[in-house]
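Let's take a walk through this model together. We'll begin at the DNA, move on to the strands, and finish with a few individual residues.

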2 protein chains.
Amino acid sequence: MRLTEKKIVEVLRQSGYKITPQRRAILEVITHSQEHLTPSAILEKVNYIHPGIGLVTVYRTLEVLSNLGLICRMHTAEGCHSYKGALQEHHHHLTCTECGRVVEFTNCDLGELEERLSAQTGFNIESHLLEFLGRCRDCQKAVA
Amino acid sequence: MRLTEKKIVEVLRQSGYKITPQRRAILEVITHSQEHLTPSAILEKVNYIHPGIGLVTVYRTLEVLSNLGLICRMHTAEGCHSYKGALQEHHHHLTCTECGRVVEFTNCDLGELEERLSAQTGFNIESHLLEFLGRCRDCQKAVA
DNA sequence: GACCTAAATGAAAAAGTTTTTCACCTACCA
DNA sequence: TGGTAGGTGAAAAACTTTTTCATTTAGGTC
């Protein structure tokens, strides 16, 4: 389940952050979008709801939300600062290299590999980044 | 095995690109490095070999090499514009978040997961990005 | 080896993105 | 209804990436 705006506001408040109209507007944009959005794209959409918000505020809000794990930062061909609404669970992405569509999946089953690596290298493994790239059904058709 | 400079030069020539000293210098840096490098980091290293090369040339060369699949553009947690030598062999990295040390490993065993995802989503999966993050033995000691 | 030409280069500037600074404002608690 | 820590917007700084253009050069041809 994707986190709702309400749930995110709750977590923000519990973490000691203030709930400003700007943050609400940014949240509304992110939680209502299915794609990943760049800060500029978010700003553009936010300005329909709340004109006058600065790009700086968007950047700052995204950083807060991202640090709390409430939104998800994506590394796409367009740049390093695309964000999308986060899932509650640990998850990964399968991204279409052609159209950018993103599918989420949850069972990565890397525990065994992680243990093996840990034993071999002495590393204390804290996290992992796993992303699959390919072509979605539509883009495969488009080529054919 | 990582692609050698010689092999890359051969492909470049066959593809109709000229072999300039600048390109040679950039190739030397990339093929001799074990890490992912940003354009600026590449420029810095290149300037030891061939002072006076412009960052523009680095960008242009990286684009050519990347388009030919001779180097690999990485979208990692650290950034979106890092490049590394393309390996003939499939591999991944285990990176220390403290000191940046990188250990490579090869058996990722993601075939099963890949098949499952492919079947579920209709994606034709072309590649994956897998990176583990943690603390190496030394950095664990340093904290204790 | 000298010549020719398309491709490549470097410098400068433009365009874009992200961060920093700072004076002012406001959400929220007592 | 204050007081205050935290948040905001504007401007500017700091970076990164792309574009432009005059000059140079790699590599083929004679």
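First, some housekeeping. This is a predicted model, in which local features need pLDDT of at least 70 and side-chain atom pairs count only at pLDDT 80 or more, while totals for chains, interfaces and linings use all residues. Residues are numbered from 1 along each chain as its sequence is written, chains are lettered from A and ligands numbered from 1 in the order in which they are written, and side-chain values use heavy atoms, with hydrogens and water left out.

Start with DNA strand D. It is surrounded by 23 residues, and the closest are A:Thr20, A:Thr57, A:Arg60, B:Tyr59 and B:His81. A residue counts as near a molecule or strand if one of its heavy atoms lies within 4 Å of it. Of the atoms of DNA strand D that come within 4 Å of the protein, sugar and phosphate make up 67%. For the polar contacts, look for pairs of N or O atoms within 3.5 Å; within protein, one must be able to donate a hydrogen and the other to accept it, and residues adjacent in sequence count only if both atoms are side-chain atoms. A:Arg60 goes for a base instead: an N or O atom in its side chain is 2.7 Å from a base nitrogen of DNA strand D.

Which elements build this surface? At least two residues each come from α2 (21–31) and α4 (55–67) of chain A, and from α3 (39–49) and α4 (55–67) of chain B. Here helices (H or I, at least four residues) and strands (E, at least two) are DSSP runs, numbered from the N terminus. The biggest giver is α4(B), with four residues. By class, the surface near DNA strand D has nine nonpolar, eight polar and six charged residues, where Ala, Val, Leu, Ile, Met, Phe, Trp, Tyr, Cys and Pro are nonpolar, Asp, Glu, Lys and Arg are charged, and the others, Gly among them, are polar.

Now turn to DNA strand C. It has 20 residues around it, the closest being A:Tyr59, B:Thr20, B:Arg23, B:Thr57 and B:Arg60. A polar side-chain atom of A:Tyr59 lies 2.3 Å from a phosphate oxygen of DNA strand C, and a polar backbone atom of B:Gly54 is 3.4 Å from a phosphate oxygen there. B:Lys18 reaches a base, with a side-chain N or O atom 3.2 Å from a base nitrogen of DNA strand C. Two or more residues of this surface come from each of α4 of chain A and α2 (21–32) and α4 of chain B. This time α4(A) gives the most, with four residues.

Strand β5 (residues 124–135) of chain A and β5(B) pair in the antiparallel sense over eleven bridges; pairing needs at least two DSSP bridges. You can see A:Arg135 standing opposite B:Asn124 in β5(B). Strand β3 (residues 92–96) of chain B also joins β5(B), running parallel over four bridges, with B:His93 partnered to B:Glu131. Nine of the twelve residues of β5 (residues 124–135) of chain B are buried, so this strand is largely enclosed by the rest of the structure. Buried means under 20% relative accessible area, exposed over 50%, and partly exposed in between (1.4 Å probe, protein chains only).

A:His128 lies in strand β5 of chain A and is buried at 16% relative accessibility. Its side chain makes polar contacts with the side chains of A:His92 (3.1 Å) and A:Glu114 (3.4 Å). Beyond its neighbours within four places in sequence, A:His128 has contacts (heavy atoms within 4.5 Å) that include B:Glu131 and B:Phe132.

Finally, B:Gln22 in helix α2 of chain B is partly exposed, with a relative accessible area of 28%. Not counting residues up to four places away in sequence, B:Gln22 touches B:His50, B:Ile53 and B:Thr57.
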